[in-house]
Amino acid sequence: MKKTILLLSVGFLFGYFVSDVLGSQFIQPVKAEVAGMNSYDLMYDYDFQYAVKDIVEDDCEVEIDGRINCR
């Protein structure tokens, strides 16, 4: 029993160390633009609005004025 706990602890610490050291190499920088448009442009892009509404309609309600209410 003690060996199992020790092995799990060492495995967890090793995994944590590896993800901490190597994790930043695999994470790409965040880019908030879509097709060269910023958030203001996307807010008024009808195709983007339609795509977002289509995706969230399963779990959310889209109001007539464009507001989205999720449960």
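Student: Where is aspartate 54 placed?
Tutor: Aspartate 54 sits in helix α3, residues 46–56. Helices are DSSP runs of H or I with at least four residues, strands are runs of E with at least two, and both are numbered from the N terminus.

Student: Before more detail, what kind of model is this?
Tutor: It is a predicted model: local features need pLDDT of at least 70, side-chain atom pairs count only at pLDDT 80 or more, and totals for chains, interfaces and linings use all residues. Residues are numbered from 1 along each chain as its sequence is written, and side-chain values use heavy atoms, with hydrogens and water left out.

Student: What's the mean pLDDT of the chain?
Tutor: The mean is 79, and 86% of the residues reach 70 or more. pLDDT is the predictor's confidence in each residue, from 0 to 100.

Student: Which elements have the lowest and highest confidence?
Tutor: Strand β1 (residues 60–62) is lowest, at a mean of 78. Helix α2 (residues 39–43) is highest, at 84.

Student: And how do the elements run from the N terminus?
Tutor: The order is α-α-α-β-β. That comes from 3 helices and 2 strands.

Student: Back to aspartate 54. Why is it called partly exposed?
Tutor: Because its relative accessible area is 47%. Buried means under 20%, exposed over 50%, and partly exposed in between, with a 1.4 Å probe and protein chains only.

Student: Which residues form the negative surface patch?
Tutor: Asp54, Glu57, Asp58 and Asp59. Patch residues have over 30% relative accessible area and no salt bridge; like charges are joined within 9 Å, nonpolar side chains (Val, Leu, Ile, Met, Phe, Trp, Tyr) within 5 Å.

Student: What makes the nonpolar patch?
Tutor: Phe12, Leu13 and Tyr16, with about 380 Å². Tyrosine 16 is in helix α1, residues 2–26. Tyrosine 16 counts as exposed because its relative accessibility is 53%.

Student: How many salt bridges are there?
Tutor: The count is 1. A salt bridge needs a side-chain nitrogen of Lys or Arg within 4 Å of a carboxyl oxygen of Asp or Glu. Here aspartate 65 pairs with arginine 67, and the closest N and O atoms are 2.9 Å apart.

Student: Are those two buried or exposed?
Tutor: Both aspartate 65 and arginine 67 are exposed.

Student: How much of the chain counts as buried?
Tutor: 4% of the 71 residues.

Key: Areas by Shrake-Rupley, 256 points an atom, 1.4 Å probe, with all protein chains shown as cover. Lys, Arg positive; Asp, Glu negative; His and termini not counted. Charge placed at Lys NZ, Arg CZ, Asp CG, Glu CD.
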